[in-house]
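Dear colleague,

Please find below the structure that I am handing over to you. My findings follow after it.

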Amino acid sequence: MKRIGVTGHRSIPQEVHDHVLASMRAAFHGFDGSVEALSSLAVGADQLFADLALDHGAQLTVVIPSGDYEACFADGAELARYRALKARAVREVRLDYPHSTDEAYYAAGAYIADHCDRLIAVWDGRPARGLGGTGDIVTYARGLGRPVTVIWRDGVERG
């Protein structure tokens, strides 16, 4: 089984959204046979990836950074979407962090990088805004020698 993981921004500007979706779809076409998709199901790139993975018949593994992770979703709609995707997962990995801290997010991203054959990064190329951000996980994965597919459009700034 091939394993594809995701890291990416929570905020994806509209002008890059269609490009991100198309590039993620293309990433799944490169794998023959069964695929496991690893995601923390954060708003933005993680949830887009999980949706596409499930649409392509992949088995979803959810990596939950902390015990209070659900409290990090801004509203009921975001939480409902997270729960709906999580309910479709075949496996759930819960990390031992009680609270959603930068360290917990870094650990979740590192877990995904450690356990995938390829990492999809929806990343503007800028340094992480806090420990465990997309830039940190890309650096970590590349340090492992993991292939990283970066998806973004030059000149597009995220909010």
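Which residues in H2 meet which residues in H3? Gln 47, Leu 48, Ala 50, Asp 51 and Leu 54 in H2 meet Glu 78, Arg 81, Tyr 82 and Leu 85 in H3, where contact means heavy atoms within 4.5 Å. These residues divide into five nonpolar, one polar and three charged; Ala, Val, Leu, Ile, Met, Phe, Trp, Tyr, Cys and Pro count as nonpolar, Asp, Glu, Lys and Arg as charged, and the others, Gly among them, as polar.

Please note that this is a predicted model, in which local features need pLDDT of at least 70 and side-chain atom pairs count only at pLDDT 80 or more, while totals for chains, interfaces and linings use all residues. Residues are numbered from 1 along each chain as its sequence is written, and side-chain values use heavy atoms, with hydrogens and water left out.

The protein chain contains five helices and six strands, which follow the pattern β-α-β-α-β-α-β-α-β-α-β along the sequence. Helices (H or I, at least four residues) and strands (E, at least two) are DSSP runs, numbered from the N terminus.

The axes of H2 (residues 45–55) and H3 (residues 76–87) come within 11 Å and cross at roughly 35°, in a left-handed crossing. Axes are lines fitted to C-alpha atoms, for helices over the stretch in contact, and angles run from 0 to 180 degrees between N-to-C directions. A crossing is left-handed if the near helix is turned anticlockwise from the far one by less than a right angle, and right-handed if clockwise.

For H4 (residues 102–114) and H5 (residues 134–143), the axes come within 9 Å and cross at roughly 35°; this crossing is right-handed. Tyr 106, Gly 109, Ala 110, Ala 113 and Asp 114 of H4 make the contact with Asp 136, Ile 137, Tyr 140 and Ala 141 of H5. By class, six are nonpolar, one is polar and two are charged.

Turning to the chain as a whole, the C-alpha trace spans about 35 × 35 × 35 Å along its principal axes. Of the 159 residues, 48% count as buried (under 20% relative accessible area, with a 1.4 Å probe and protein chains only). Residues 24 or more positions apart account for 78% of the contacts with a separation of 6 or more.

Finally, Leu 41 lies in the loop between strand E2 (35–39) and H2. Its phi is near 60°, a positive value in a residue other than glycine. Leu 41 counts as buried because its relative accessibility is 0%.

With kind regards

Technical notes:
Buried means under 20% relative accessible area, exposed over 50%, partly exposed in between (1.4 Å probe, protein chains only).
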